[in-house]
Amino acid sequence: MTDVALIGAGIMSATLGAILRRLEPDAAITVVERLDSAAGESSDPWNNAGTGHAGLCELFYTPQQPDGSIATAKAVRVNEQFQVTRQFWAYAVENGLLEQPRDFVRPIPHVSFVCGADGVDYLRRRHRALADNPLFAGTEFITDFGEFAARLPAMATGRDPGVPVALDWTAHGTDVDFGALTGQLLAYGVRHGTAVLFGHEVRSLRRESDGSWTLTLSHRRTGETRRLNAKFVFIGAGGASLGLLQRAGIPEVRGFGGFPIGGVFLRCGAAELTAAHRAKVYGAPVPGAPLTTAPHLDARMVNGESWLLFGPFAGWSPKFLKHGRATDLPRSVRFDNVRSLLGAGIRERELVGYLLRQLRQTHGTRVEALREFLPGADQADWHQIRAGQRVQVIRGGTLDFDTTIVSAGDGSIAGLLGASPGASTAVPAMLEVLARCFAGKFAGWMPTLKEMVPSLGTRLSDEPALFEQVWEWGSRQLQLG
């Protein structure tokens with residue numbers, strides 16, 4: 001018997017578990033993870049780009065409209081969400097939930113990059129559209145090739161200086177090791193009574209007459225089964241969340257489908273290259289590609305070592321997890337979602353064509369794409385790695401690239417679907433879960449939640465003085481100043 005069961009030992013469950021442990025110190029909390037360690041799927045540092053997504057450099061958050069204007073709403077919304085996450089991390093460091101912030105977050109410039117006259121014109125208009133928002137203050141628009149070369153020497157080497165280039169440079173971006181962060185948050189929970197069951201897979205979820213849930217668990221090595229009864233269940237199992245919600249049988253998940261998209265990156269650890277590129281640089285999405293596949297060249301710090309990562313390139317597998325099963329996709333098809341899946345297949349023919357072209361790529365053609373960022377890239381320096389598996393939400397015949405929370409009407413169970421911006425917005429997502437599922441307690445928790453997130457309930461875009469205050473506090477606690 002447990003008060004709270006958290007399925008999946010990734011960043012979402014770890015975040016929710018830490019917040020609940022702070023709000024309800026005596027609650028019985030149990031984490032169930034099918035792998036033998038935490039953060040083995042999407043939260044692993046090599047299964048994501050490690051970007052603290054704040055809309056600073058991601059061009060797909062600021063599309064150009066038919067009238068030529070730049071839509072900024074999503075970039076601002078994502079930045080507001082990241083500010084909530086950043087404040088919680090600062091609180092967690094200040095209060096001992098997290099230790100050694102440099103083990104999971106480091107400062108690094110976030111940069112938008114374009115080339116060609118049309119690209120430069122777009123980026124200039126994007127810069128102007130965001131310039132008055134305090135969350136984007138301090139961003140520099142750079143078109144001088146000499147300045148470009150001084151800041152990004154590896155990208156300038158071998159490039160024709162006659163081709164226009166532009167950068168939108170934000171110095172205060174972050175590189176985040178979500179695996180290390182997950183481990184620290186789970187460790188805090190364990191120190192204060194949270195139980196973690198590694199190597200256990202949830203086979204079924206059954207609703208009991210008293211409103212609780214009974215989970216049937218199977219040990220993946222021994223086959224031994226056990227049952228766990230929980231008053232509240234959160235499913236933060238990445239791609240597996242859809243299937244578990246379907247097994248729970250809640251009506252709110254009807255009509256939802258999922259489409260798996262894998263990721264492939266090129267990785268380089270050559271010291272001369274990692275020393276010459278210290279930024280996360282995002283370009284524009286390839287026409288016809290999913291927005292979340294916009295190419296980017298990232299400086300990374302993983303396990304104390306410097307790396308460069310370029311991608312992502314799309315891969316495909318019917319698995320809903322990197323360590324999943326080939327039957328995941330067909331088993332997710334139900335009578336209630338088949339029409340939506342077929343509709344998405346018809347609407348997303350361009351995406352299907354893009355995936356087919358991606359699957360035909362060789363290592364050499366991927367390096368050619370890299371040379372748009374690094375003209376002098378040597379194929380021998382770069383090696384392919386497979387990133388995490390993402391399952392994009394399909395509903396109403398439309399493919400959705402956001403994250404979606406699905407919860408039962410009585411608040412007894414909730415799950416997170418989707419992929420982007422994902423981990424960077426874990427805190428606001430989990431606060432939404434709490435507001436939905438613990439409505440009777442949420443108001444009483446508000447004083448503690450306001451300690452965790454001082455700006456909670458406020459748009460920092462509209463409160464520049466408060467933004468400056470929480471920003472300086474967060475930078476100090478997280479050693480990002």
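**Packing and pairing**

Colleague: Which residues is Phe234 in contact with, leaving aside its neighbours within four places in sequence?
Modeller: This is a predicted model, in which local features need pLDDT of at least 70 and side-chain atom pairs count only at pLDDT 80 or more, while totals for chains, interfaces and linings use all residues. Residues are numbered from 1 along each chain as its sequence is written, and side-chain values use heavy atoms, with hydrogens and water left out. With contact taken as heavy atoms within 4.5 Å, and sequence neighbours within four places set aside, Phe234 touches Ala5, Leu6, Ile7, Met12, Ser13, Leu16, Ala414, Gly415, Leu416, Met430 and Val433.

Colleague: Which residues touch the most other members of the largest nonpolar core?
Modeller: Such a core is a set of buried Ala, Val, Leu, Ile, Met, Phe, Trp, Tyr and Cys residues joined through side-chain atoms within 4.5 Å, where buried means under 20% relative accessible area with a 1.4 Å probe and protein chains only. The largest one has 74 residues, and those touching the most other members are Phe88, Trp89, Phe234 and Leu434.

Colleague: Which helix gives the most to this core, and how many residues make up the second, separate core?
Modeller: Helices (H or I, at least four residues) and strands (E, at least two) are DSSP runs, numbered from the N terminus, and with 11 residues the top contributor is helix α2 (residues 73-94). The second core includes Val264, Cys268, Ala270 and Leu308, and its size is 31 residues.

Colleague: Which residue of β11 is the bridge partner of Leu6?
Modeller: Of the 6 residues of strand β1 (residues 2-7), 5 are buried, so the strand is largely enclosed by the rest of the structure. Two strands pair if DSSP finds at least two bridges between them; β1 runs parallel to β2 (residues 29-33) with 4 bridges, and Ile7 has Val32 as its partner there. With β11 (residues 225-235), β1 pairs in the parallel sense over 5 bridges, and the partner of Leu6 is Phe234.

Colleague: Which residue of β6 is the bridge partner of Ser112?
Modeller: Strand β4 (residues 110-115) has 5 of its 6 residues buried, so β4 is largely enclosed by the rest of the structure. It is joined by 3 bridges to β13 (residues 280-282), which runs parallel to it, whereas with β6 (residues 165-170) the pairing is antiparallel over 6 bridges. In β6, the partner of Ser112 is Asp168.

Colleague: At what angle do the axes of α13 and α14 cross?
Modeller: Axes are lines fitted to C-alpha atoms, for helices over the stretch in contact, and angles run from 0 to 180 degrees between N-to-C directions. The axes of α13 (residues 426-437) and α14 (residues 439-452) come within 7 Å, and the contact is made by Leu431, Leu434, Ala435, Arg436 and Cys437 of α13 with Ala439, Phe442, Trp445 and Leu449 of α14. The crossing angle of these two axes is roughly 140 degrees.

Definitions and conventions
Buried means under 20% relative accessible area, exposed over 50%, partly exposed in between (1.4 Å probe, protein chains only).
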